[in-house]
Amino acid sequence: MTLYDPDLERQFEKSVGVKGDQGKPPIFRGVLVQFPRAIPLIATISAFGANKYSWENWRRVDNNFDRYSEAMVRHLVAEGEGTGLDNDSGYAHAGHTAWNALARLEIQLTEEEQERNART
């Protein structure tokens with residue numbers, strides 16, 4: 001019986017330190033690490049909205065893409081006019097702008113996915 005098998009060692013060397021995550025989005029490094037102050041603020045704004053309405057209510061709003069586009073622009077304009085904080089929530093208009101941008105993007109991506117699925 002041989003204790004050393006060079007073929008087995010080569011196979012082991014190929015697998016050491018390997019993780020099959022190529023092509024997957026770097027959510028931790030790409031978002032959470034790069035925006036350690038912004039993401040918690042957006043989450044806080046999300047919770048504020050959920051307490052005011054309900055969780056994921058924004059998905060059920062009629063004409064939601066256009067309405068959240070308008071809300072995003074209103075917050076952007078308010079910030080541009082020098083009003084840093086939203087009167088209703090007390091949080092930065094920039095955070096509300098970012099939340100609305102994420103809501104719009106999620107709505108758009110969901111609709112595109114549903115259209116693709118309907119074609120298949």
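How many nonpolar, polar and charged residues does the lining of the largest pocket have? By class, 15 are nonpolar, seven polar and eight charged. Here Ala, Val, Leu, Ile, Met, Phe, Trp, Tyr, Cys and Pro count as nonpolar, Asp, Glu, Lys and Arg as charged, and the others, Gly among them, as polar.

The model is predicted: local features need pLDDT of at least 70, side-chain atom pairs count only at pLDDT 80 or more, and totals for chains, interfaces and linings use all residues. Residues are numbered from 1 along each chain as its sequence is written, and side-chain values use heavy atoms, with hydrogens and water left out.

The secondary structure comes to five helices and zero strands. Along the sequence the pattern reads α-α-α-α-α. Helices (H or I, at least four residues) and strands (E, at least two) are DSSP runs, numbered from the N terminus. Of the 120 residues in the protein, buried residues make up 18%. Buried means under 20% relative accessible area, exposed over 50%, and partly exposed in between (1.4 Å probe, protein chains only).

Pockets were examined next. Rolling a probe the size of a water molecule over the atoms shows where empty space is left. On a 1 Å grid over the protein atoms alone, a cavity is a set of points where a 1.4 Å probe fits but cannot get out, and a pocket is an open set with protein on both sides within 12 Å along at least five of seven lines; lining residues have an atom within 4 Å of a point. Grid points are joined across faces, edges and corners, and a volume is the space filled by probe spheres set on the points.

The largest pocket holds about 760 Å³ of space. Its lining has 30 residues, and Gly49, Trp58, Tyr68, Trp99 and Asn100 lie nearest the centre. Helices α3 (38–52), α4 (64–80) and α5 (93–119) each supply at least two lining residues. The most come from α5, with eight.

The second largest pocket holds about 260 Å³. Its lining has ten nonpolar, two polar and no charged residues. Among them are Val31, Phe35, Ala43, Gly95 and Leu102. For this second pocket, α3 gives the most, with six residues. Ala43 sits in helix α3 and is partly exposed, at 44% relative accessible area. The C-alpha atoms of Ala43 and Gly95 are separated by 9.3 Å, although the two are 52 residues apart along the chain.

A nonpolar surface patch is formed by Ile27, Phe28, Val31, Leu32, Val33 and Phe35, with about 560 Å² of accessible area together. Patches are made of residues with over 30% relative accessible area and no salt bridge: like charges are joined within 9 Å, nonpolar side chains (Val, Leu, Ile, Met, Phe, Trp, Tyr) within 5 Å. Areas come from the Shrake-Rupley method with a 1.4 Å probe; for residues, only the protein chains shown count as cover. Ile27 belongs to helix α2 (residues 27–32). Ile27 is exposed, at 54%.

Side chains of opposite charge can pair when their charged atoms come close. A salt bridge is a side-chain nitrogen of Lys or Arg within 4 Å of a carboxyl oxygen of Asp or Glu. The count comes to two. In one, the closest N and O atoms of Asp88 and Lys52 are 2.5 Å apart. Asp88 lies in the loop between α4 and α5 and Lys52 in helix α3, so the pair ties together parts 36 residues apart in sequence. Asp88 is partly exposed at 47%, as is Lys52 at 43%. Arg59 forms a salt bridge with Glu56, at 2.7 Å between the closest N and O atoms.
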